[in-house]
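Reader: I would like to go through the helix packing here. Please give me the grounds for each label.

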Amino acid sequence: MCMAKSGVWFSLNSFDLKILAVIFMVIDHIGMYMDSAPAWFRDIGRLAYPLFLFCLVWSYHYTHSRARFCLRLYLMGLIMAALRWWVEVYQWPEAGSFYNHNIFVTMLLTCLLISVIELASRDRLRCGLLLGGVLLMQLAFYAVPWYLLPQLRQISGDLLTAIFPNLALNEFGYDFIALGVAMYFLKERPERLAVVYLLFCLILFSQEMLGDIEASHQYFMAMALPFMLAYNRQRGRGWKWFFYVFYPAHVLLLYYLSNFVLK
């Protein structure tokens, strides 16, 4: 194996990183849904989203159409929210929680903020329009009458957060959106990326030490950094739609197994 420019003695392409992220994600969700799973499954799972986020910023850099890219994320976010509504409200309301699975919303917001920042220096009109659109989404989120979307309202992963993506209320929160933006602008400076990423993990560790249960072992994501530094800027195999389809499919399968087969 070749030595990556960052000093890591192995090389990974985009497809490799996505497969690793999928493996970590499945382990994490097995730990989430299966009571008998070892507790460390959730710790290993902390590596999944940072790797997906890293792949996202490079995909956004290379994509031929950012508008189609964002539209795809938006539509997938709607599909995930509709799936949750179908499971929790319509199909199996007596079963356990489907949980707040909708990384597409967080990814979409990350991409939109990246574009706002980039446009600020070269196209102020488009920057203002896009920034205004993001602001309108935030206002619409709070302005929609409660009776129009009464089920699963104002929790991450519900219909409202998918229709009007909210910067503060999404699966990973505004701090991971900020991390994704930082990743994008530091992606070609691996040393600085590593420092910012580890500082972010240190903040998460401090939050947990102060009793923030939502930060539970999230600092384990520091272990994903060597994989990011080994990225060789090669695409590898395609399989683009596999990753889009696998995400909702595996969540639905694990949910069904945990509630109706292995319970």
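Reader: Why are H5 and H6 called roughly antiparallel?
Author: Helix H5 (residues 103–119) and helix H6 (residues 124–143) pack at an angle of about 150 degrees. Angles under 35 degrees count as roughly parallel, over 145 as roughly antiparallel, 65 to 115 as roughly perpendicular and the rest as oblique. H5 and H6 are therefore roughly antiparallel. Their axes, lines fitted to C-alpha atoms over the stretch in contact, lie 8 Å apart. This is a predicted model, where local features need pLDDT of at least 70, side-chain atom pairs need 80 or more, and totals for chains, interfaces and linings use all residues. Numbering starts from 1 along each chain as its sequence is written, and side-chain values use heavy atoms, without hydrogens and water.

Reader: What makes H1 and H3 roughly antiparallel?
Author: Helix H1 (residues 14–33) and helix H3 (residues 48–62) cross at roughly 150 degrees. H1 and H3 are therefore roughly antiparallel to each other. The axes of H1 and H3 come within 8 Å.

Reader: Which residues of H3 are in the contact with H1?
Author: Ala-48, Leu-51, Phe-52, Phe-54, Cys-55 and Ser-59 of H3 are. H1 brings residues including Ser-14, Leu-17, Lys-18 and Phe-24. By class, the contact of H1 with H3 has 11 nonpolar, two polar and one charged residues.

Definitions and conventions
Axes fitted to C-alpha atoms, helices over the stretch in contact; angles between N-to-C directions. Helix = DSSP H or I, 4+ residues; strand = E, 2+ residues; numbered from the N terminus. Contact = heavy atoms within 4.5 Å. Nonpolar A, V, L, I, M, F, W, Y, C, P; charged D, E, K, R; others polar.
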